[in-house]
Amino acid sequence: MQQDTPWKAPKEADAWKNPFKGDAKAEARGKKIFEKLCWSCHGLGGEGDGPAAGALHPKPKNLTSTGVQQQTDGALFWKIKQGRGYMVSYEATLSANDRWKVVAYLRKLAKQ
């Protein structure tokens, strides 16, 4: 089953750089997007414990975990764009800039 295999972004995604890295306004926008679209599965703290998480297999990732946080910004951006399994693709829903802002927020979230 595809969802049971490790989810790896293509190598070329690792080279993509977040134009909003360290931008507090971008992180704030990313937080608003996260709280609208992502929290129900990933939880408000990003720990994979949202109200919908119990019904999902595999469980949503803890976005603050070392395994997620060690991924490049480009890999996280690619995954948000691509989607997989229960996680839909956000390519048509969010602009590229907003997807980058979510990645910027995920970095801040892990430090909280």
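Helices here are DSSP runs of H or I, at least four residues long, numbered from the N terminus. By that count, Gly 74 is found in helix 4. The model is a predicted one.

**Largest pocket**

- The volume of the largest pocket is about 950 Å³.
- Its lining counts 41 residues, and those closest to the pocket centre are Trp 7, His 42, Lys 61, Lys 79 and Met 87.
- By class, the lining residues split into 23 nonpolar, 10 polar and 8 charged.
- Five helices each supply at least two lining residues: helix 1, helix 2, helix 3 (66-69), helix 4 and helix 5.
- Helix 4 gives the most to this lining, with 4 residues.

**His 42**

- His 42 sits in helix 2, which spans residues 39-42.
- His 42 has a relative accessible area of 14%. Buried means under 20%, so His 42 counts as buried.
- The His 42 side chain reaches the backbone oxygen of Lys 61 at 3.0 Å. Both His 42 and Lys 61 are among the residues closest to the centre of the largest pocket.
- Neighbours within four places in sequence aside, His 42 is in contact with Phe 34, Glu 47, Gly 48, Asp 49, Gly 50, Pro 60, Lys 61 and Leu 63.

**Largest nonpolar core**

- This core holds 18 residues. Phe 34, Leu 63, Ile 80, Val 102, Val 103, Leu 106 and Leu 109 touch the most other members.
- Helix 1 (24-37), helix 4 (73-82) and helix 5 (96-111) each supply at least two core residues.
- Helix 5 gives the most to the core, with 6 residues.
- Two of the core residues that touch the most other members, Phe 34 and Leu 63, are also contacts of His 42.

**Ile 80**

- Setting aside neighbours within four places in sequence, Ile 80 is in contact with Met 87, Val 88, Ser 89, Tyr 90, Glu 91, Arg 99, Val 102 and Val 103.

**Gly 74**

- Gly 74 has a relative accessible area of 0%, so this residue is buried.
- Beyond neighbours within four places in sequence, Gly 74 is in contact with Ala 13, Trp 16 and Trp 100.
- Gly 74 and Leu 94 are 20 residues apart along the chain, and their C-alpha atoms are separated by 16 Å.

Key. Residues are numbered from 1 along each chain as its sequence is written. This is a predicted model: local features need pLDDT of at least 70, side-chain atom pairs count only at pLDDT 80 or more; totals for chains, interfaces and linings use all residues. Side-chain values use heavy atoms; hydrogens and water are left out. Buried means under 20% relative accessible area, exposed over 50%, partly exposed in between (1.4 Å probe, protein chains only). A polar contact is a pair of N or O atoms within 3.5 Å; within protein, one must be able to donate a hydrogen and the other to accept it, and residues adjacent in sequence count only if both atoms are side-chain atoms. Contact means heavy atoms within 4.5 Å. A nonpolar core is a set of buried Ala, Val, Leu, Ile, Met, Phe, Trp, Tyr and Cys residues joined through side-chain atoms within 4.5 Å. On a 1 Å grid over the protein atoms alone, a cavity is a set of points where a 1.4 Å probe fits but cannot get out, and a pocket is an open set with protein on both sides within 12 Å along at least five of seven lines; lining residues have an atom within 4 Å of a point. Grid points are joined across faces, edges and corners, and a volume is the space filled by probe spheres set on the points. Ala, Val, Leu, Ile, Met, Phe, Trp, Tyr, Cys and Pro count as nonpolar, Asp, Glu, Lys and Arg as charged, and the others, Gly among them, as polar.
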